Amino acid sequence: LDMAHEVAAVRPGVGVNHGVQEYLSRRSGRKPVVYDHSLEQRALERTLGVVLFQDQVNQLAIDVAGFAPSEADRLRRAFGRKHNSELIEQYRQKFLAGAGARGVDEEAAETVFNKFNGQYMFPESHAFAFGVTAFQASWLKYYYPLEFFVSIFNQQPMGFYSLETLKEDARRHGITVLNPDINKSRTKCVIEEGKLRLGFLNVLGLGEGMTGAIEKATARGTFNSIGDFLERTGILEEAALNLAGVGAFDSLETNRRKVKWEIGLRYRPVNTQLFLPLPVQQDIVELASPGEWERMKEEYNLLSLYPDGHIMAKLRPRLGRKMQCSRDIAGMTDGTRVVMAGLVIRRQRPHGKVVFITLEDEFGHIPLMVFPQVYQRNEHCFKSPFLVIKGRMSRREGTHNVMVESVTPFSALEKVPGSRDWR
């Protein structure tokens, strides 16, 4: 029950009339459970007098105004239609008339009708199913974190967070994420000696046809050279170069530039001529191995994540000593001055006014609240994938947010893991 109510409460339609705060206040006993009319009780009693589920909108229309079930559902749907003001007014008049016929005074009827809105809410059955799924997933994550994260990685794209954010969560739960490897990876992610090995499908440019060819070739024996890999798999040059860029050949040669050079020398397009394993050593040139920053940038480009860490860890030394991080939040009291930086992983505006943004750094998440006047003044800045923010810590009823006062955008990567934004 609690899980169903929790997942339902975060739907935007519940918050329109401050429903979440009202529900929590009533649940904690700080406010009494009251109804604007006794006819509301059957529909709202199980949710403490607050509308949490879209089914309750229908039931209120039936119980308070005498609507038929089919008509009540048409009323609910009308709120979600575009250019609906005239239609809503027609339903309002009918609702008030029906409520009046049942002895509901006009003020109470207006109050009940104003609880309806066109924002998204869960059906009750959906919320309970979601709650069961959330409980089961939490159980798996707690007791079998490795298996849980391998499964989640293999179901992407799905859900709210990017693969980079999921990887960071995995790392905080003790899971090591390994780069793809031509001999150890499979099409999808696998468990390898208590670690998560990324699959070939995680690499940009590799589809199931090519990953299947690699797996089929692997079944006939280990690849012992770059030429052996190209000959037995027949994959496209671009795919081979991308594999080199993410370190899939590191077990054969750690210098990724050298691997790419050799791929260029050895690659022969399929169906143009027979592959001859001719020596290429005489054409290999001395190339400096790419540095850590270059490797990280390429892995973000090709994997949409960086298995060894987080970009903010690399940027931290450049940000100055006064820059705080997400792990400092636990020790901050209400009103503490805050200067933080991070990668934007979500932007949400549930009620069309306050904007909620979450930053991610190498230690965790930083929740931000941006009020309209600050957002409007800096809207172009908030579109940047990387932000430095200044503000104050706000702690209310067990929650915390940074109230943003100023923002500075900056650039750090050509291709960044995508944020989840409002539509």
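Is Arg256 buried or exposed, judged by relative accessibility? At 5%, Arg256 counts as buried, where buried means under 20% relative accessible area, exposed over 50% and partly exposed in between (1.4 Å probe, protein chains only). The structure is a predicted model, in which local features need pLDDT of at least 70 and side-chain atom pairs count only at pLDDT 80 or more, while totals for chains, interfaces and linings use all residues. Residues are numbered from 1 along each chain as its sequence is written, and side-chain values use heavy atoms, with hydrogens and water left out.

Side chains of opposite charge can pair when their charged atoms come close. With a salt bridge taken as a side-chain nitrogen of Lys or Arg within 4 Å of a carboxyl oxygen of Asp or Glu, the count comes to 32. The partner of Arg256 is Asp250, with the closest N and O atoms 3.0 Å apart. Asp250 is partly exposed, at a relative accessible area of 26%.

Helices here are DSSP runs (H or I, at least four residues), as strands are (E, at least two), and are numbered from the N terminus. Elsewhere, salt bridges that share partners join Glu164, Lys167, Glu168 and Arg171 into one network.

A further salt bridge brings together the side chains of Lys141 and Asp169 (2.6 Å, N to O). The two residues sit in distant parts of the chain, 28 residues apart, Lys141 in helix H9 (residues 124-143) and Asp169 in helix H11 (residues 163-172). Lys141 is partly exposed, with a relative accessible area of 23%, whereas Asp169 is buried at 18%.

The axes of helix H5 (residues 54-65) and helix H7 (residues 85-101) come within 7 Å and cross at roughly 50°. These axes are lines fitted to C-alpha atoms, for helices over the stretch in contact, and angles run from 0 to 180 degrees between N-to-C directions. H5 and H7 are therefore oblique to each other, since angles under 35 degrees count as roughly parallel, over 145 as roughly antiparallel, 65 to 115 as roughly perpendicular and the rest as oblique. Leu60, Ala61, Val64 and Ala65 of H5 make the contact with Phe95, Gly98 and Ala99 of H7, contact meaning heavy atoms within 4.5 Å.
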